[in-house]
Amino acid sequence: MNVITDHLGEFGDGLLVTVELTLLALAGALVAGVVVAALRVSPVPVLRAAGTAYVETLQNIPLLVWLVLAVFGLPEIGVMAGLFTTAAVVIALYQGAYVAEAVRSGINSVPVGQGEAARALGLTFTQSLRMVILPQALRTVVQPLGNIAIMTIMNTALAAAVGVVELTAAANRVNLAEAQPIWIFVTAGLLYMALSAIAGLATGTLERKLAILR
Amino acid sequence: MVRTLPGLRRSAVAAVAALSLAGLAACSSDDSSSSAVPGAAGGGDKEDLTSSAPVAASLPAGSTMEKIKQRGRLIVGGSLDAPLLSQQNPATKKVEGLDADFGRLLAKYIIGKPEVKIVNSASETREALLSNGTVDVVFQTYSITPERAKQVAFAGPYYSSGLVIATKKGETGILKPEDLKGKTVIAGANTPAIPAIKKAAPDAKILTFGSDPECVQALKQGRGQAYVQDEAVLLATAKQDPSIQIQGKPFTSDPYGIGLKHGDAQMKQFVNDWLKNIQASGLWAKVWKNSIGTVVQGDAPQPPALGSAPGSE
């Protein structure tokens, strides 16, 4: 067990980076997702097509490929950002595609009458989306968004492959020194479980608070 | 609504299935090396080392070696992507390099034929693969350390390597490991370079990437000022890529051992006897010439003394 206690610092630093990466990526993903979902339900065909293209491109190429492309490809065209920044942006954009689909399903669950009533009151498309549709849509997709949050936590592990020393990379480094893979990776796994349990609990609480009884 | 044409979807499924099958076929690499054509395609000057390799006179009854012989092939934990050490040739499917050749020679010594199956292992899984019996031996630049020796038995060392520093061409001021102080240093994930850099320059920032090409790319793009890697690997890289330069001499000594199941003293003795045999007969030097000798000038070095590394006694 001293394998773990001797390296608490490394695990702690890794956990912190994982949490930071998750929170930044989730914040970015929520913004990107809502915008893309709005595009996908907009009345303008070009915008709808752009939204669809975004979701299909991001979802149909694995995150690891995106990360490697961004980290090694962007500097070739003169765009050079830090590894952590690059990873956070890529994960945010990738998860944004999933958030967009979840939010869109929420928008579709809002009864048509709501949109019609908003239009009858003279609200523009943006106004009705912002003030009538989205507030109801987001409340119905708290649970799917919670799942995406958990998926984001797990996906941050891929940043280890492009040099971000988050929890997985930290566990790898400790294992390199100690050669006790079972204890070390079980510990890392438990920490990931703890993070997703927190995300799950938060989602449950939010859902109970925000749910609309129809 | 994402609509997919049924035909399109079916062909996509077929394509994915075909791809994954191809991937599987590539991984299971039944490297039976019965490609008796020496150096078929590529590396035409390589001679077939296994034909003249020794075979053990007798195997102790009930030993691990006897079980391997009955099975008919040796299961080796190794890499398929380590240049000069254990790399699969995409044209011939043959795994080439120092570690791969030693694996075949050991198989020949035990079984009489160079029948080897390589199980692609990683530095995270080697100990587990050995202890649960998935692989018989590990040939994978497995540096002998006292910590690891608590979990696996090490025969050898069979080769001694060292870490060197590479930089972009024209970089000055980085010659010794102490010069790495305060610099950003690139290293392969899960390589002994990480602890070595920490020891030589505790305040250096270490960036790790999964594979050697990624590390080289990161160095060229300026994500770090230096790249620390095994000498043999870097020599091969620097030879291919003129924008990379090797600075100074190796600053560590990494004894590579043959990983065996912990506590199997009989097999350890047997493998050490085999190493003694091939070192004395000059076969060891030929293996070196065939792999690392293709990028390093001069004669084969003196092999490290058996049991000389802490953890291999």
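## Basis of the model

The structure is a predicted model, in which local features need pLDDT of at least 70 and side-chain atom pairs count only at pLDDT 80 or more, whereas totals for chains, interfaces and linings use all residues. Residues are numbered from 1 along each chain as its sequence is written, and chains are lettered from A and ligands numbered from 1 in the order in which they are written.

Chain A has 10 helices and zero strands, where helices (H or I, at least four residues) and strands (E, at least two) are DSSP runs numbered from the N terminus. Along its principal axes, the C-alpha trace of this chain spans about 70 × 45 × 20 Å.

Of the 214 residues of chain A, 40% count as buried; a residue is buried if 20 or more other C-beta atoms lie within 10 Å of its own, exposed if 12 or fewer, and partly exposed in between, with C-beta atoms placed from the backbone. Among the contacts in chain A with a separation of 6 or more, 78% come from residues 24 or more positions apart, a contact being a pair of residues whose C-beta atoms, placed from the backbone, lie within 7 Å.

## Two antiparallel helix pairs

The axes of helix H9 (residues 167-178) and helix H10 (residues 181-210) of chain A come within 9 Å and cross at roughly 165 degrees. Axes here are lines fitted to C-alpha atoms, for helices over the stretch in contact, and angles run from 0 to 180 degrees between N-to-C directions. H9(A) and H10(A) are therefore roughly antiparallel to each other, given that angles under 35 degrees count as roughly parallel, over 145 as roughly antiparallel, 65 to 115 as roughly perpendicular and the rest as oblique. The crossing of H9(A) and H10(A) is right-handed, the term for a near helix turned clockwise from the far one by less than a right angle, with anticlockwise giving left-handed. On the H9(A) side the meeting residues are A:Leu167, A:Thr168, A:Ala171, A:Val174, A:Asn175 and A:Glu178, and on the H10(A) side they are A:Pro181, A:Ile184, A:Phe185, A:Ala188, A:Leu191 and A:Tyr192. These residues divide into nine nonpolar, two polar and one charged, where Ala, Val, Leu, Ile, Met, Phe, Trp, Tyr, Cys and Pro count as nonpolar, Asp, Glu, Lys and Arg as charged, and the others, Gly among them, as polar.

The axes of H5(A) and helix H8 (residues 142-155) of chain A come within 10 Å and cross at roughly 160 degrees, and these two helices are therefore roughly antiparallel to each other. Their crossing is right-handed, and the contact joins A:Ile91, A:Gln95, A:Tyr98, A:Val99 and A:Ala102 of H5(A) to A:Pro144, A:Leu145, A:Ile148, A:Thr152 and A:Asn155 of H8(A). By class, the contact of H5(A) with H8(A) has seven nonpolar, three polar and no charged residues.

## The kinked helix H7 of chain A

Helix H7 (residues 125-140) of chain A has a kink of about 50 degrees at A:Ile133, shortly before the proline A:Pro135; the bend at a residue is the angle between axes fitted to the seven residues ending there and the seven starting there. In H7(A), A:Leu129, A:Ile133, A:Ala137 and A:Thr140 are buried, and what covers the buried residues includes helix H2 (8-41), helix H5 (83-109) and helix H6 (112-120) of chain A.

## Backbone features of chain B

Most residues other than glycine have a negative phi, and most peptide bonds are trans. B:Lys93, in the loop between strand S3 (86-88) and strand S4 (95-96), has a positive phi near 70 degrees and counts as partly exposed, with 13 C-beta neighbours inside 10 Å. B:Thr141 has a positive phi of about 35 degrees and is buried, with 23 other C-beta atoms within 10 Å.

B:Ile144 lies in the loop between strand S6 (137-138) and helix H5 (146-149) of chain B, and is buried, with 26 other C-beta atoms within 10 Å. The C-alpha atoms of B:Ile144 and B:Pro157 are separated by 7.5 Å, although the residues are 13 apart along the chain. B:Pro157 is found in strand S7 (residues 152-161) of chain B, and a cis peptide bond with omega of about 5 degrees joins B:Gly156 to B:Pro157.

## Contact between the chains

In the contact between the chains, 19 residues of chain B meet 15 residues of chain A. S10(B) gives the most to the chain B side, with three residues, and that side has six nonpolar, eight polar and five charged residues.

How values were computed
Two residues are in contact if their C-beta atoms, placed from the backbone, lie within 7 Å.
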